[in-house]
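Hello,

Here is the structure we talked about passing on. Please open it alongside this note; what was found follows below.

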Amino acid sequence: MIGRLNGILLEKQPPFVLVEVAGVGYECQAPMNTVYNLPEVGEKVVLHTHLSISENAHTLFAFYSLEERTLFRELIKVNGVGPKLALAILSGMSAIEFVQHVHHGEVATLVKIPGVGKKTAERLVVEMKDRLKDWEVELPAQASGSQSSKSVESKGNVEEAISGLVALGYKPTDASKAISQLEDDSLPSATLIRLALKQMI
């Protein structure tokens with residue numbers, strides 16, 4: 001089991017990131033809350049990982065915090081929730097926000113996540129409530145500042161953001177609509193995805 005990567009961030013194209021460790025490039029899938037916290041490409045990064053093995057692939061998932069990875073591992077224990085859906089859940093909201101929604105039984109909020117139907121949302125609330133009873137549910141203060149814009153063509157940022165949302169399970173039409181409703185499409189793609197997810201969930 002690969003549990004941790006300590007190396008250089010080579011690429012970040014949500015939800016995929018590439019980290020070089022001792023000359024080996026590890027391609028990982030990461031929730032958007034992890035992507036938001038990543039340093040610039042070329043800088044050092046430490047990520048906590050989970051290796052998922054199926055008949056068709058070995059997939060490495062990366063998380064900025066142990067808290068996120070712990071919740072991911074709890075999520076994939078729920079019947080009907082696989083790694084891809086768990087990634088979508090952790091992209092749509094922070095770990096603490098998810099815990100709060102579960103404790104309050106907010107099924108209507110959970111069903112807004114792509115791939116989460118009413119039955120799955122109800123199962124998440126029932127099965128996760130006991131597992132998360134020791135988690136703090138007070139929400140941290142929201143960060144106010146948007147990430148700084150970079151001199152990259154907005155068209156490229158928009159296309160990357162739409163691709164990222166589609167990879168998280170949203171329909172292309174819904175992803176395009178969400179991005180088009182944002183006031184500033186010149187922001188970095190990760191910021192566009194974050195803002196789009198806020199209005200979709």
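Start with Cys-28: its bridge partner in strand 5 is Leu-60. That pair belongs to a parallel pairing of strand 3 with strand 5 (residues 58-63), made over two bridges. Bear in mind throughout that this is a predicted model.

Strand 3 also pairs with strand 2. Strand 2 covers residues 16-21 and strand 3 covers residues 24-29; they run antiparallel and are joined by six bridges. Within this pairing, Val-19 sits opposite Tyr-26 of strand 3. The two strands form a hairpin, with two residues between them. Look at Ala-22 in that turn: its phi is positive, at about 50 degrees.

Strand 5 has another partner in strand 4 (residues 44-53). These two pair antiparallel, over six bridges. Here Ser-52 is opposite Thr-59 of strand 5.

Put together, five strands make a closed barrel in the order 1-2-3-5-4, and the pairing is mixed. On average, neighbouring strands in this sheet are turned by 55 degrees against each other, direction ignored.

Helix 2 (residues 66-75) lies across strand 4 and strand 5. Helix 2 runs at about 10 degrees to strand 4.

Gly-169 has a relative accessible area of 40%, so it counts as partly exposed. Gly-169 and Pro-114 are 55 residues apart in sequence, yet their C-alpha atoms are 5.5 Å apart in space.

Best wishes

Methods. Residues numbered from 1 in each chain as written. Predicted model: local features only at pLDDT ≥ 70, side-chain atom pairs only at ≥ 80, totals over all residues. Heavy atoms only, no water. Buried < 20%, exposed > 50% of the residue type's maximum accessible area, 1.4 Å probe, protein only. Pairing = 2+ DSSP bridges. Helix = DSSP H or I, 4+ residues; strand = E, 2+ residues; numbered from the N terminus. Axes fitted to C-alpha atoms, helices over the stretch in contact; angles between N-to-C directions. Contact = heavy atoms within 4.5 Å.
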